[in-house]
Amino acid sequence: MAKTPRSKPLLRDTDAPIRSRPRKPRDPAQPRLLLDPMPARVEPCLALLKPKPPHGPRWSYEIKWDGWRGAIHIEPSGVVRILTRSGHDWTRRFPTIAEGARGLGLASAIIDGEIVRFDEQGRSDFSLLQQSLGGRGGKHPATDVAFVAFDLLYLDGQDLRTTELEVRRHKLRELIPADDPVIRFSEDFEIVPGEVDADDLFTVACLHGLEGIIAKDRNSIYRSGRLGDWLKIKCIQSDAFMIVGYEPSMGAFGGFASLLLAARKGDDLVYVGSVGTGFKQRDAERLRVQMDKLPWKRKAPPVPYSGKRKVVWQQPTLIAEIEYRGWTADNKLRHSSYKGLRERQENADVFEIKE
């Protein structure tokens, strides 16, 4: 008699990501089940970048949070898991979020949101979040973080992904106590026709030093991928770039004056300038340790480069999140500032220059 195959456990930090299987059509010969099976993982709905916010009653608006995308899974067995965007189980890194999720008292749920750490002004700050974990690749338990919940995908045996966003968020709001310091609901901005519109909301968000806003189609179902149901409008541009080298300096934090950056262009990497600001001493020292651990250095640049600076070239491995104000005519970053390193295992999207 053939053995029943055991289900695979959820993967941990450094393992391959969990991938959900496509749902098979129901066999009409079988009785209809009252409960929907709980997905092991849901590929997230991603926001499409736009230069200006959309207008009209179709859209709702939220703050764009500056952290790590995550999902809380509360399973029928009582187990709580925190999965990252690419499906890694980081529950042990965020014990207070897991405890806060248990405190919701739900039988089963999947809650979509952002893992953040707030600064003294109450703004989410990606670099502070990294510090809580001990830097890039850090595995310190972070206890000073919060989970900002903005969507509900599954609840008590019901798969809600085919339900309209407005209904999903109404259910989610009811689940989260207003005074919960760890699990927080991502509130909508209020639109007052004739008084406040989407442009006004975006302006206020930028004046308060926020990263931007997210516009969402109220009537949309939950669709994985970047399909335009959700839009992001940024106050300051921020993208991921590959570090291809550094300019050494004995007098600077970490022993380097600037990082040299590259973006994708087709199948190649192209040089897009350097970044020399935004480094705190501790971050710069940790970054230098990461760069020194790379398996090999290069005498020749890994990208076309015509500059005259002394550069230590390196294998394109580390991915940096960079804020910048725009581009020069020759495709170089303007007024760039370092924010932190992105995890390669988190499917960091290295910026791509279109042909």
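Why does T163 count as buried? T163 has 19% relative accessibility, so it falls in the buried class, where buried means under 20% relative accessible area, exposed means over 50% and partly exposed lies in between, for a 1.4 Å probe and protein chains only.

This is a predicted model in which local features need pLDDT of at least 70 and side-chain atom pairs count only at pLDDT 80 or more, while totals for chains, interfaces and linings use all residues. Residues are numbered from 1 along each chain as its sequence is written, and side-chain values use heavy atoms, with hydrogens and water left out.

**View 1. T163 and its contacts.** T163 sits in the loop between strand 7 (158-159) and helix 3. Here and below, helices (H or I, at least four residues) and strands (E, at least two) are DSSP runs numbered from the N terminus. Not counting residues up to four places away in sequence, T163 touches R168, S220 and I221; contact means heavy atoms within 4.5 Å.

View 2. Strand 3 and strand 5 run antiparallel and are joined by seven bridges, with H73 opposite I110 of strand 5. Strand 4 also pairs with strand 3 in the antiparallel sense, over five bridges, and there T84 is the bridge partner of G70. The hairpin of strand 3 and strand 4 has five residues between the strands, and in this hairpin G78 takes a positive phi near 100°.

**View 3. The largest cavity.** On a 1 Å grid over the protein atoms alone, a cavity is a set of points where a 1.4 Å probe fits but cannot get out; a pocket is an open set with protein on both sides within 12 Å along at least five of seven lines, and lining residues have an atom within 4 Å of a point. The structure holds one cavity of 30 Å³ or more. The volume of the largest cavity is about 110 Å³, where grid points are joined across faces, edges and corners and a volume is the space filled by probe spheres set on the points. Strand 3 (68-74) and strand 4 (80-84) each supply at least two lining residues, and the largest share, four residues, comes from strand 3. The lining divides into six nonpolar, three polar and four charged residues. In this count Ala, Val, Leu, Ile, Met, Phe, Trp, Tyr, Cys and Pro are nonpolar, Asp, Glu, Lys and Arg are charged, and the others, Gly among them, are polar.

**View 4. The largest nonpolar core.** In soluble globular proteins, nonpolar side chains tend to be buried together. The largest nonpolar core has 31 residues, and I72, F94, I97 and I111 have the most contacts inside it. A nonpolar core is a set of buried Ala, Val, Leu, Ile, Met, Phe, Trp, Tyr and Cys residues joined through side-chain atoms within 4.5 Å. The elements that each supply at least two residues of this core include helix 1 (95-102), strand 5 (109-116) and helix 3 (165-175). Strand 6 gives the largest share, four residues. Leaving out residues up to four places away in sequence, the contacts of I72 include V80, I97, I111 and F147. A second, separate core has 22 residues, Y246, A263, A284 and I353 among them.

**View 5. Helix 2 under cover.** Seven of the eight residues of helix 2 are buried; among them are F126, L128, L129 and L133. The cover over these buried residues includes strand 3, strand 5, strand 16 (319-324) and strand 19. After helix 2 comes G134, with a positive phi near 95°.

**View 6. Strand 10 between two partners.** Five of the five residues of strand 10 (residues 230-234) are buried. W230, K232 and K234 point one way, and L231 and I233 the other way. Strand 1 (residues 48-49) runs parallel to strand 10, with two bridges joining them, and L49 stands opposite K232. Strand 9 (residues 212-217) runs antiparallel to strand 10 and is joined to it by five bridges; here K216 has W230 as its bridge partner.

**View 7. The second largest pocket.** K232 and K234 lie nearest the centre of this pocket together with R85, R226 and D349, in a lining of 38 residues. Strand 10, strand 11 (237-248) and strand 19 (337-342) are among the elements that give two or more residues to the lining. About 1,100 Å³ of space lies in this pocket. By class, its lining has 15 nonpolar, three polar and 20 charged residues.

Technical notes:
Pairing = 2+ DSSP bridges.
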